[in-house]
Amino acid sequence: MRYLSTRGHADRKQFCEILLEGLAPDGGLYLPEQYPVVDAVTLAAWREVYLKQGYADLAFEILSLYIDDIPADDLRVLCRKTYTAAVFGSPEIVPLKKLQDAATDAAQAGFYLQALSNGPTLAFKDMAMQLLGNLFEYELARRNEELNILGATSGDTGSAAEYAMRGKKGVRVFMTSPNGRMSPFQQAQMFSLLDENIHNIAIDGVFDDCQDIVKAVSNDLAFKRQYKIGTVNSINWARLMAQVVYYFAGYFQLPESATGGKVSFTVPSGNFGNVCAGHVARMMGLPVHQLVVATTENDVLDEFFRTGFYRVRVGADTHETSSPSMDISKASNFERFVFDLLGRDAAQTADLFGRQLSDKGFFDLSAHTAFQQAATRYGFVSGKSTHSDRLQTIRETFQRFGTVVDTHTADGVKVAREHLTPGVPMLVLETALPIKFAATIEEALGRPPERPPGFDGIEALPKRVKIMPPNVALIKAYVAEHAH
Ligand SMILES: *Cc1c(COP(=O)(O)O)cnc(C)c1O
(Lines give C-alpha, C1' and ligand atoms only; values in the text may rest on other atoms or scores of the structure.)
Protein backbone atom coordinates (compact mmCIF):
# COMPACT_ATOMS: atom_id res chain seq x y z
CA MET A 1 0.00 0.00 0.00
CA ARG A 2 1.31 3.41 -0.95
CA TYR A 3 0.03 6.85 0.05
CA LEU A 4 -0.83 9.84 -2.12
CA SER A 5 -1.59 13.48 -1.37
CA THR A 6 -5.10 14.92 -1.71
CA ARG A 7 -3.54 17.74 -3.77
CA GLY A 8 -1.83 15.43 -6.24
CA HIS A 9 1.68 16.86 -6.27
CA ALA A 10 3.64 14.70 -3.84
CA ASP A 11 5.56 11.48 -4.39
CA ARG A 12 3.74 8.30 -3.43
CA LYS A 13 5.16 6.92 -0.21
CA GLN A 14 5.16 3.93 2.10
CA PHE A 15 3.54 3.98 5.53
CA CYS A 16 6.69 4.50 7.62
CA GLU A 17 7.75 7.42 5.44
CA ILE A 18 4.52 9.34 6.13
CA LEU A 19 4.39 8.20 9.78
CA LEU A 20 6.84 10.88 10.90
CA GLU A 21 5.61 13.56 8.45
CA GLY A 22 2.72 16.00 8.87
CA LEU A 23 1.24 17.58 5.78
CA ALA A 24 2.37 16.37 2.38
CA PRO A 25 4.91 18.76 0.78
CA ASP A 26 2.20 20.10 -1.59
CA GLY A 27 0.02 21.12 1.38
CA GLY A 28 -2.34 18.16 1.00
CA LEU A 29 -3.14 15.27 3.34
CA TYR A 30 -1.98 11.71 2.82
CA LEU A 31 -4.47 8.96 1.98
CA PRO A 32 -3.98 5.37 0.84
CA GLU A 33 -3.99 4.92 -2.96
CA GLN A 34 -7.13 2.89 -2.53
CA TYR A 35 -9.09 1.54 0.42
CA PRO A 36 -8.79 -2.19 0.89
CA VAL A 37 -12.30 -3.65 0.60
CA VAL A 38 -13.32 -6.67 2.63
CA ASP A 39 -16.19 -9.05 1.87
CA ALA A 40 -18.75 -10.70 4.16
CA VAL A 41 -16.51 -13.73 4.69
CA THR A 42 -13.65 -11.57 5.95
CA LEU A 43 -16.02 -9.52 8.12
CA ALA A 44 -17.26 -12.75 9.73
CA ALA A 45 -13.67 -13.87 10.28
CA TRP A 46 -12.69 -10.53 11.83
CA ARG A 47 -15.71 -10.76 14.15
CA GLU A 48 -14.38 -14.09 15.42
CA VAL A 49 -10.91 -12.59 15.83
CA TYR A 50 -12.26 -9.73 17.92
CA LEU A 51 -14.63 -11.83 20.05
CA LYS A 52 -12.19 -14.73 20.59
CA GLN A 53 -8.68 -13.23 20.43
CA GLY A 54 -9.37 -9.61 21.28
CA TYR A 55 -9.05 -6.05 20.07
CA ALA A 56 -5.27 -6.10 19.54
CA ASP A 57 -5.48 -8.94 17.03
CA LEU A 58 -8.36 -7.23 15.21
CA ALA A 59 -6.20 -4.09 15.04
CA PHE A 60 -3.41 -6.19 13.54
CA GLU A 61 -5.74 -7.61 10.84
CA ILE A 62 -6.88 -4.15 9.79
CA LEU A 63 -3.56 -2.32 10.11
CA SER A 64 -1.66 -4.95 8.16
CA LEU A 65 -3.76 -4.03 5.10
CA TYR A 66 -2.30 -0.50 5.29
CA ILE A 67 1.28 -1.20 6.38
CA ASP A 68 3.71 -3.09 4.11
CA ASP A 69 6.96 -1.84 5.57
CA ILE A 70 6.78 -3.26 9.09
CA PRO A 71 7.20 -7.06 9.31
CA ALA A 72 3.93 -8.76 10.34
CA ASP A 73 5.38 -10.26 13.51
CA ASP A 74 6.59 -6.85 14.67
CA LEU A 75 3.27 -5.19 13.87
CA ARG A 76 1.38 -7.80 15.86
CA VAL A 77 3.68 -7.23 18.84
CA LEU A 78 3.11 -3.47 18.60
CA CYS A 79 -0.69 -3.94 18.55
CA ARG A 80 -0.61 -6.36 21.49
CA LYS A 81 1.64 -4.05 23.47
CA THR A 82 -0.74 -1.13 22.85
CA TYR A 83 -4.25 -2.47 23.33
CA THR A 84 -4.25 -4.14 26.74
CA ALA A 85 -7.02 -4.37 29.33
CA ALA A 86 -4.56 -2.88 31.85
CA VAL A 87 -4.23 0.34 29.81
CA PHE A 88 -7.81 0.60 28.49
CA GLY A 89 -9.74 -0.69 31.49
CA SER A 90 -11.59 -3.70 30.01
CA PRO A 91 -10.93 -6.76 27.86
CA GLU A 92 -13.25 -5.38 25.14
CA ILE A 93 -11.15 -2.14 25.07
CA VAL A 94 -14.15 -0.29 23.52
CA PRO A 95 -17.23 -1.83 25.26
CA LEU A 96 -20.80 -0.91 24.38
CA LYS A 97 -23.19 0.36 27.01
CA LYS A 98 -26.89 0.07 26.10
CA LEU A 99 -29.05 3.04 27.03
CA GLN A 100 -32.15 0.98 27.46
CA ASP A 101 -35.68 1.77 28.61
CA ALA A 102 -39.18 1.11 27.36
CA ALA A 103 -39.19 4.16 25.09
CA THR A 104 -35.92 3.41 23.30
CA ASP A 105 -36.71 -0.29 23.02
CA ALA A 106 -40.02 0.33 21.33
CA ALA A 107 -38.58 2.93 19.02
CA GLN A 108 -35.74 1.10 17.38
CA ALA A 109 -33.09 -1.58 17.35
CA GLY A 110 -30.91 -0.28 20.13
CA PHE A 111 -29.17 2.87 21.29
CA TYR A 112 -25.67 2.46 22.66
CA LEU A 113 -22.68 4.41 23.90
CA GLN A 114 -19.39 3.03 22.63
CA ALA A 115 -16.81 3.71 25.34
CA LEU A 116 -13.57 5.03 23.85
CA SER A 117 -12.43 6.98 26.89
CA ASN A 118 -11.01 4.53 29.36
CA GLY A 119 -7.39 4.99 28.37
CA PRO A 120 -4.80 6.85 30.48
CA THR A 121 -6.15 10.38 29.80
CA LEU A 122 -9.89 9.57 29.73
CA ALA A 123 -10.54 10.80 26.18
CA PHE A 124 -10.78 8.90 22.89
CA LYS A 125 -7.52 10.39 21.63
CA ASP A 126 -5.68 7.71 23.63
CA MET A 127 -7.02 5.08 21.21
CA ALA A 128 -4.77 6.34 18.43
CA MET A 129 -2.06 8.13 20.36
CA GLN A 130 -1.04 5.07 22.40
CA LEU A 131 -0.38 3.21 19.16
CA LEU A 132 1.44 6.19 17.69
CA GLY A 133 3.82 6.24 20.67
CA ASN A 134 4.76 2.62 20.07
CA LEU A 135 5.05 3.09 16.29
CA PHE A 136 7.30 6.14 16.75
CA GLU A 137 9.58 4.35 19.20
CA TYR A 138 9.83 1.36 16.86
CA GLU A 139 10.55 3.35 13.71
CA LEU A 140 12.98 5.79 15.33
CA ALA A 141 14.99 2.90 16.78
CA ARG A 142 15.04 1.21 13.36
CA ARG A 143 16.39 4.38 11.74
CA ASN A 144 18.62 5.27 14.67
CA GLU A 145 17.00 8.70 14.77
CA GLU A 146 15.44 10.97 17.35
CA LEU A 147 12.37 13.21 17.22
CA ASN A 148 11.31 16.31 19.14
CA ILE A 149 7.56 16.67 19.07
CA LEU A 150 6.36 20.24 19.31
CA GLY A 151 2.64 20.70 19.84
CA ALA A 152 -0.11 23.04 20.95
CA THR A 153 -3.06 21.87 23.01
CA SER A 154 -6.19 23.24 24.59
CA GLY A 155 -6.56 20.04 26.60
CA ASP A 156 -7.14 16.52 25.32
CA THR A 157 -4.53 16.21 22.56
CA GLY A 158 -1.59 17.34 24.66
CA SER A 159 -2.21 14.99 27.52
CA ALA A 160 -2.91 12.04 25.19
CA ALA A 161 0.38 12.73 23.38
CA GLU A 162 2.36 13.05 26.61
CA TYR A 163 0.98 9.85 28.14
CA ALA A 164 1.70 8.03 24.86
CA MET A 165 5.28 9.29 24.57
CA ARG A 166 6.38 9.33 28.22
CA GLY A 167 9.45 7.22 28.77
CA LYS A 168 9.70 6.33 25.06
CA LYS A 169 13.23 6.12 23.66
CA GLY A 170 14.20 8.63 20.98
CA VAL A 171 11.19 10.91 21.52
CA ARG A 172 10.83 14.18 23.43
CA VAL A 173 7.62 16.18 23.74
CA PHE A 174 7.44 19.97 24.01
CA MET A 175 3.77 20.79 24.56
CA THR A 176 2.52 24.36 24.68
CA SER A 177 -0.82 25.20 26.28
CA PRO A 178 -2.54 28.48 27.19
CA ASN A 179 -1.53 29.30 30.77
CA GLY A 180 -4.44 28.88 33.20
CA ARG A 181 -7.04 28.10 30.54
CA MET A 182 -7.34 24.32 30.75
CA SER A 183 -9.61 22.74 33.36
CA PRO A 184 -7.84 22.10 36.71
CA PHE A 185 -8.12 18.35 36.07
CA GLN A 186 -6.53 18.68 32.61
CA GLN A 187 -3.70 20.82 34.00
CA ALA A 188 -3.08 18.30 36.74
CA GLN A 189 -3.02 15.43 34.23
CA MET A 190 -0.34 17.06 32.11
CA PHE A 191 1.77 18.98 34.57
CA SER A 192 2.14 16.12 37.04
CA LEU A 193 4.15 14.12 34.50
CA LEU A 194 7.73 14.22 35.71
CA ASP A 195 9.28 12.11 32.95
CA GLU A 196 12.53 13.49 31.64
CA ASN A 197 11.36 13.47 27.99
CA ILE A 198 8.16 15.49 28.65
CA HIS A 199 8.28 19.30 28.65
CA ASN A 200 5.17 21.31 29.49
CA ILE A 201 5.28 24.94 28.37
CA ALA A 202 2.42 27.15 29.58
CA ILE A 203 2.20 30.20 27.34
CA ASP A 204 0.87 33.50 28.66
CA GLY A 205 -1.80 33.80 25.97
CA VAL A 206 -4.65 31.90 24.32
CA PHE A 207 -4.65 28.65 22.35
CA ASP A 208 -4.20 30.51 19.05
CA ASP A 209 -0.93 31.99 20.37
CA CYS A 210 0.30 28.46 21.06
CA GLN A 211 -0.68 27.33 17.57
CA ASP A 212 1.01 30.35 15.99
CA ILE A 213 4.24 29.55 17.83
CA VAL A 214 4.20 25.95 16.64
CA LYS A 215 3.57 27.13 13.08
CA ALA A 216 6.35 29.72 13.23
CA VAL A 217 8.86 27.17 14.51
CA SER A 218 7.80 24.60 11.89
CA ASN A 219 8.16 27.19 9.13
CA ASP A 220 11.80 27.70 10.08
CA LEU A 221 13.01 24.76 7.99
CA ALA A 222 16.63 25.03 9.11
CA PHE A 223 15.65 24.91 12.78
CA LYS A 224 13.17 22.13 12.07
CA ARG A 225 15.85 20.02 10.41
CA GLN A 226 18.57 20.74 12.95
CA TYR A 227 16.40 19.85 15.93
CA LYS A 228 14.32 17.12 14.22
CA ILE A 229 11.01 18.79 15.01
CA GLY A 230 7.87 16.73 14.41
CA THR A 231 4.18 16.84 15.31
CA VAL A 232 1.39 14.50 16.40
CA ASN A 233 -1.61 16.48 15.20
CA SER A 234 -4.80 14.92 13.98
CA ILE A 235 -3.92 15.08 10.28
CA ASN A 236 -1.39 12.28 10.86
CA TRP A 237 -2.67 9.31 8.84
CA ALA A 238 -1.52 6.81 11.47
CA ARG A 239 -3.89 8.34 14.02
CA LEU A 240 -6.82 8.15 11.64
CA MET A 241 -5.99 4.57 10.67
CA ALA A 242 -5.85 3.45 14.30
CA GLN A 243 -9.35 4.89 14.81
CA VAL A 244 -10.80 2.80 11.97
CA VAL A 245 -10.45 -0.30 14.16
CA TYR A 246 -13.00 0.68 16.80
CA TYR A 247 -15.77 1.17 14.25
CA PHE A 248 -15.39 -2.50 13.38
CA ALA A 249 -15.13 -3.50 17.05
CA GLY A 250 -18.30 -1.53 17.86
CA TYR A 251 -20.21 -3.29 15.12
CA PHE A 252 -18.93 -6.76 16.06
CA GLN A 253 -20.38 -6.38 19.56
CA LEU A 254 -23.91 -6.13 18.14
CA PRO A 255 -25.99 -9.28 17.63
CA GLU A 256 -26.85 -7.89 14.15
CA SER A 257 -23.23 -8.30 13.06
CA ALA A 258 -23.69 -12.07 12.93
CA THR A 259 -26.19 -11.67 10.10
CA GLY A 260 -24.62 -8.73 8.27
CA GLY A 261 -27.18 -6.15 9.47
CA LYS A 262 -26.50 -2.43 9.33
CA VAL A 263 -25.37 0.05 11.96
CA SER A 264 -25.20 3.83 12.33
CA PHE A 265 -22.67 5.90 14.30
CA THR A 266 -22.94 9.38 15.77
CA VAL A 267 -19.62 11.14 16.27
CA PRO A 268 -19.01 14.31 18.34
CA SER A 269 -16.83 16.13 15.82
CA GLY A 270 -14.27 18.91 15.71
CA ASN A 271 -11.40 18.43 13.30
CA PHE A 272 -13.25 15.60 11.52
CA GLY A 273 -10.55 13.03 12.37
CA ASN A 274 -12.78 10.66 14.31
CA VAL A 275 -15.71 10.58 11.87
CA CYS A 276 -13.32 10.42 8.90
CA ALA A 277 -12.11 7.11 10.32
CA GLY A 278 -15.76 6.00 10.21
CA HIS A 279 -15.88 6.98 6.56
CA VAL A 280 -12.78 4.87 5.89
CA ALA A 281 -14.34 1.90 7.72
CA ARG A 282 -17.45 2.28 5.57
CA MET A 283 -15.36 2.47 2.38
CA MET A 284 -13.68 -0.79 3.47
CA GLY A 285 -17.04 -2.55 3.57
CA LEU A 286 -18.32 -2.10 7.13
CA PRO A 287 -22.14 -2.03 6.69
CA VAL A 288 -22.68 1.52 7.94
CA HIS A 289 -26.09 3.04 7.29
CA GLN A 290 -25.34 6.59 8.45
CA LEU A 291 -22.46 8.59 9.88
CA VAL A 292 -24.00 11.36 11.96
CA VAL A 293 -21.73 14.36 12.53
CA ALA A 294 -22.55 16.17 15.78
CA THR A 295 -21.21 19.69 16.28
CA THR A 296 -21.36 22.39 18.94
CA GLU A 297 -22.29 26.03 18.44
CA ASN A 298 -19.20 26.02 16.20
CA ASP A 299 -21.19 24.45 13.41
CA VAL A 300 -18.86 24.67 10.38
CA LEU A 301 -19.46 21.01 9.59
CA ASP A 302 -23.19 20.96 10.26
CA GLU A 303 -23.54 23.92 7.92
CA PHE A 304 -21.71 22.05 5.17
CA PHE A 305 -23.74 18.86 5.44
CA ARG A 306 -27.00 20.83 5.48
CA THR A 307 -26.19 23.34 2.73
CA GLY A 308 -23.04 22.41 0.77
CA PHE A 309 -21.43 25.64 1.92
CA TYR A 310 -18.10 25.32 3.75
CA ARG A 311 -17.15 28.52 5.52
CA VAL A 312 -14.07 28.74 7.73
CA ARG A 313 -14.69 30.90 10.80
CA VAL A 314 -12.42 33.71 11.91
CA GLY A 315 -11.14 33.77 15.50
CA ALA A 316 -13.81 36.18 16.73
CA ASP A 317 -16.49 33.90 15.21
CA THR A 318 -15.27 30.84 17.08
CA HIS A 319 -17.12 30.42 20.36
CA GLU A 320 -15.69 29.04 23.58
CA THR A 321 -18.24 26.39 24.48
CA SER A 322 -18.72 23.85 27.24
CA SER A 323 -17.52 21.17 24.75
CA PRO A 324 -14.11 22.80 24.23
CA SER A 325 -12.51 19.90 22.34
CA MET A 326 -14.96 20.46 19.48
CA ASP A 327 -14.41 24.22 19.29
CA ILE A 328 -12.88 24.60 15.86
CA SER A 329 -12.81 27.32 13.23
CA LYS A 330 -12.02 24.86 10.44
CA ALA A 331 -11.93 21.07 10.32
CA SER A 332 -8.39 20.04 9.45
CA ASN A 333 -9.23 16.50 8.28
CA PHE A 334 -12.23 17.50 6.17
CA GLU A 335 -10.13 17.71 2.99
CA ARG A 336 -9.74 13.93 3.06
CA PHE A 337 -13.47 13.35 2.80
CA VAL A 338 -14.02 16.04 0.17
CA PHE A 339 -11.27 14.45 -1.94
CA ASP A 340 -13.23 11.17 -1.92
CA LEU A 341 -16.51 13.01 -2.46
CA LEU A 342 -15.11 14.62 -5.61
CA GLY A 343 -14.15 11.23 -7.00
CA ARG A 344 -10.54 11.76 -5.85
CA ASP A 345 -10.02 14.73 -8.13
CA ALA A 346 -6.80 16.25 -6.73
CA ALA A 347 -6.88 19.34 -8.94
CA GLN A 348 -10.37 20.25 -7.75
CA THR A 349 -9.46 19.51 -4.12
CA ALA A 350 -6.39 21.74 -4.38
CA ASP A 351 -8.53 24.49 -5.88
CA LEU A 352 -11.09 24.32 -3.04
CA PHE A 353 -8.73 23.97 -0.09
CA GLY A 354 -5.71 25.76 -1.52
CA ARG A 355 -7.00 28.62 -3.60
CA GLN A 356 -10.64 29.24 -2.64
CA LEU A 357 -10.27 28.92 1.14
CA SER A 358 -7.25 31.22 1.21
CA ASP A 359 -8.77 33.74 -1.22
CA LYS A 360 -12.35 33.87 0.07
CA GLY A 361 -12.51 31.82 3.25
CA PHE A 362 -15.26 29.58 1.88
CA PHE A 363 -16.27 27.28 -0.93
CA ASP A 364 -19.70 26.33 -2.17
CA LEU A 365 -20.59 22.83 -3.36
CA SER A 366 -24.36 23.28 -3.08
CA ALA A 367 -24.87 23.07 -6.85
CA HIS A 368 -22.38 20.23 -7.29
CA THR A 369 -23.87 16.74 -7.79
CA ALA A 370 -21.22 15.39 -5.41
CA PHE A 371 -22.81 17.32 -2.55
CA GLN A 372 -26.07 15.33 -2.77
CA GLN A 373 -23.97 12.17 -2.63
CA ALA A 374 -22.51 13.09 0.76
CA ALA A 375 -25.80 11.83 2.21
CA THR A 376 -27.06 9.41 -0.42
CA ARG A 377 -23.84 7.66 -1.31
CA TYR A 378 -21.61 8.22 1.73
CA GLY A 379 -24.25 8.22 4.48
CA PHE A 380 -23.30 11.57 6.03
CA VAL A 381 -25.89 13.59 7.95
CA SER A 382 -25.39 16.12 10.73
CA GLY A 383 -26.81 18.13 13.58
CA LYS A 384 -25.83 20.67 16.17
CA SER A 385 -26.10 20.96 19.93
CA THR A 386 -25.89 24.06 22.14
CA HIS A 387 -25.04 24.64 25.79
CA SER A 388 -28.67 24.30 26.88
CA ASP A 389 -29.13 21.13 24.76
CA ARG A 390 -26.03 19.76 26.44
CA LEU A 391 -27.26 20.45 29.97
CA GLN A 392 -30.66 18.98 29.19
CA THR A 393 -29.17 15.86 27.58
CA ILE A 394 -26.82 15.27 30.53
CA ARG A 395 -29.76 15.57 32.93
CA GLU A 396 -32.10 13.41 30.90
CA THR A 397 -29.53 10.68 30.23
CA PHE A 398 -28.84 10.51 33.93
CA GLN A 399 -32.52 10.45 34.91
CA ARG A 400 -33.57 7.85 32.34
CA PHE A 401 -30.56 5.57 32.27
CA GLY A 402 -28.53 6.38 35.40
CA THR A 403 -25.55 7.21 33.17
CA VAL A 404 -23.54 10.42 33.37
CA VAL A 405 -22.13 11.49 29.98
CA ASP A 406 -19.54 14.16 29.34
CA THR A 407 -20.41 17.35 27.46
CA HIS A 408 -19.05 16.21 24.06
CA THR A 409 -20.77 12.85 24.29
CA ALA A 410 -23.98 14.66 25.27
CA ASP A 411 -23.80 16.59 21.98
CA GLY A 412 -23.59 13.22 20.26
CA VAL A 413 -26.55 11.77 22.15
CA LYS A 414 -28.68 14.84 21.39
CA VAL A 415 -27.96 14.74 17.65
CA ALA A 416 -28.18 10.92 17.42
CA ARG A 417 -31.78 11.03 18.65
CA GLU A 418 -32.66 13.19 15.66
CA HIS A 419 -31.33 10.59 13.21
CA LEU A 420 -32.68 7.22 14.32
CA THR A 421 -33.67 4.71 11.65
CA PRO A 422 -36.07 1.88 12.59
CA GLY A 423 -34.25 -1.44 12.66
CA VAL A 424 -30.77 0.09 12.64
CA PRO A 425 -28.84 0.22 15.93
CA MET A 426 -27.22 3.56 16.76
CA LEU A 427 -23.79 3.74 18.38
CA VAL A 428 -22.82 7.10 19.90
CA LEU A 429 -19.07 7.39 20.35
CA GLU A 430 -18.23 8.42 23.92
CA THR A 431 -15.27 10.73 23.40
CA ALA A 432 -14.39 11.70 26.99
CA LEU A 433 -15.31 10.91 30.58
CA PRO A 434 -17.33 13.49 32.57
CA ILE A 435 -14.59 14.14 35.15
CA LYS A 436 -12.59 16.07 32.55
CA PHE A 437 -15.36 18.67 32.27
CA ALA A 438 -16.61 18.65 35.85
CA ALA A 439 -17.88 22.25 36.01
CA THR A 440 -20.56 21.72 33.34
CA ILE A 441 -21.63 18.39 34.83
CA GLU A 442 -22.11 20.15 38.15
CA GLU A 443 -24.13 22.84 36.39
CA ALA A 444 -26.37 20.15 34.88
CA LEU A 445 -26.74 17.75 37.80
CA GLY A 446 -26.00 19.88 40.84
CA ARG A 447 -23.11 17.67 41.85
CA PRO A 448 -19.68 16.83 40.50
CA PRO A 449 -19.10 13.68 38.41
CA GLU A 450 -17.47 10.57 39.83
CA ARG A 451 -13.74 10.31 39.73
CA PRO A 452 -12.43 7.08 38.17
CA PRO A 453 -10.13 5.05 40.42
CA GLY A 454 -6.52 6.24 40.34
CA PHE A 455 -7.33 9.91 39.80
CA ASP A 456 -7.96 10.90 43.41
CA GLY A 457 -6.09 14.00 44.44
CA ILE A 458 -4.15 14.45 41.19
CA GLU A 459 -4.54 18.23 41.50
CA ALA A 460 -2.25 18.12 44.56
CA LEU A 461 0.61 16.23 42.89
CA PRO A 462 3.91 18.05 42.25
CA LYS A 463 3.86 19.87 38.90
CA ARG A 464 6.52 20.45 36.30
CA VAL A 465 5.71 23.29 33.91
CA LYS A 466 7.64 26.20 32.41
CA ILE A 467 5.65 29.42 32.07
CA MET A 468 6.76 31.52 29.11
CA PRO A 469 5.64 34.57 27.13
CA PRO A 470 4.33 34.03 23.57
CA ASN A 471 7.75 34.66 22.07
CA VAL A 472 8.98 32.41 19.27
CA ALA A 473 12.68 33.10 19.83
CA LEU A 474 12.45 32.17 23.51
CA ILE A 475 10.55 28.95 22.74
CA LYS A 476 13.15 28.00 20.13
CA ALA A 477 15.93 28.63 22.64
CA TYR A 478 14.13 26.44 25.19
CA VAL A 479 13.71 23.61 22.67
CA ALA A 480 17.34 23.91 21.53
CA GLU A 481 18.57 23.73 25.10
CA HIS A 482 16.56 20.59 25.94
CA ALA A 483 16.61 18.75 22.60
CA HIS A 484 19.58 16.46 22.99
C1 LIG B 1 -10.73 15.75 20.01
C2 LIG B 1 -12.09 15.56 20.59
C3 LIG B 1 -13.25 15.60 19.79
C4 LIG B 1 -13.21 15.92 18.31
O5 LIG B 1 -12.63 14.91 17.54
P6 LIG B 1 -12.19 15.19 16.03
O7 LIG B 1 -11.43 13.99 15.62
O8 LIG B 1 -11.30 16.43 16.09
O9 LIG B 1 -13.41 15.42 15.22
C10 LIG B 1 -14.48 15.35 20.39
N11 LIG B 1 -14.57 15.12 21.72
C12 LIG B 1 -13.49 15.08 22.53
C13 LIG B 1 -13.67 14.83 23.97
C14 LIG B 1 -12.20 15.28 21.99
O15 LIG B 1 -11.13 15.25 22.80
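Biologist: Hello! To start inside the structure, which helices and strands are included in what covers the buried residues of H13?

Modeller: Welcome! This is a predicted model, and in it helix H13 covers residues 273–283, with 10 of its 11 residues buried, so H13 is largely enclosed by the rest of the structure. The cover over those buried residues includes H12, strand S9 (263–268), strand S10 (288–295), helix H15 (334–341), strand S13 (380–384) and strand S14 (426–430).

Biologist: Which residues of H13 are the buried ones?

Modeller: Buried here means under 20% relative accessible area, and 10 of the 11 residues of H13 fall in that class. They are Gly273, Asn274, Val275, Cys276, Ala277, Gly278, His279, Val280, Ala281 and Arg282.

Biologist: Let me step back to the whole chain. What is its radius of gyration, and what would a compact globule have?

Modeller: The C-alpha trace spans about 65 × 50 × 50 Å along its principal axes, and the chain holds 21 helices and 15 strands. For 484 residues, a compact globule would be near 23 Å, which agrees with the radius of gyration of the chain, 21 Å.

Biologist: What percentage of the residues is buried?

Modeller: The accessible surface of the chain is about 18,500 Å², and 51% of that belongs to carbon and sulfur atoms. Of contacts between residues at least 6 apart in sequence, 76% join residues at least 24 apart. As for the 484 residues themselves, the buried share is 59%.

Biologist: How far apart do the centres of the positive and negative side chains lie?

Modeller: There are 48 positive and 56 negative side chains in the chain. The centres of these two sets are separated by 1 Å.

Biologist: What does Phe334 touch, not counting residues up to four places away in sequence?

Modeller: Phe334 is one of the residues with the most contacts inside the largest core. With those sequence neighbours left out, Phe334 touches Asn271, Phe272, Leu301, Phe304, Phe305, Tyr310, Phe353 and Phe363.

Biologist: Is Leu122 buried or exposed?

Modeller: Most residues other than glycine have a negative phi. Leu122, although not a glycine, has a positive phi of about 65°, and it sits in the loop between strand S4 (111–115) and helix H7 (125–143). Its relative accessibility is 3%, which is why Leu122 counts as buried.

Biologist: And Asn144, is that residue buried or exposed?

Modeller: Asn144 is not a glycine either, yet has a positive phi of about 55°. Its place is the loop between H7 and strand S5 (147–152). Because its relative accessible area is 71%, Asn144 is exposed.

Biologist: Where is Ile70, and how far is it in space from Leu135, C-alpha to C-alpha?

Modeller: Ile70 lies in the loop between helix H3 (55–63) and helix H4 (72–82), and at 5% relative accessibility it counts as buried. Beyond its neighbours within four places in sequence, Ile70 is in contact with Cys16, Leu75, Leu135, Tyr138 and Arg142. Ile70 and Leu135 are 65 residues apart in sequence, and their distance in space is 9.8 Å.

Terms used: Residues are numbered from 1 along each chain as its sequence is written. This is a predicted model: local features need pLDDT of at least 70, side-chain atom pairs count only at pLDDT 80 or more; totals for chains, interfaces and linings use all residues. Side-chain values use heavy atoms; hydrogens and water are left out. Helices (H or I, at least four residues) and strands (E, at least two) are DSSP runs, numbered from the N terminus. The radius of gyration is taken over C-alpha atoms; the globule rule is 2.2 Å times the number of residues to the power 0.38. Buried means under 20% relative accessible area, exposed over 50%, partly exposed in between (1.4 Å probe, protein chains only). Contact means heavy atoms within 4.5 Å. Accessible areas come from the Shrake-Rupley method with a 1.4 Å probe; for residues, only the protein chains shown count as cover. Lys and Arg count as positive and Asp and Glu as negative; His and the chain ends are not counted. The place of a charge is taken as NZ of Lys, CZ of Arg, CG of Asp or CD of Glu. A nonpolar core is a set of buried Ala, Val, Leu, Ile, Met, Phe, Trp, Tyr and Cys residues joined through side-chain atoms within 4.5 Å.
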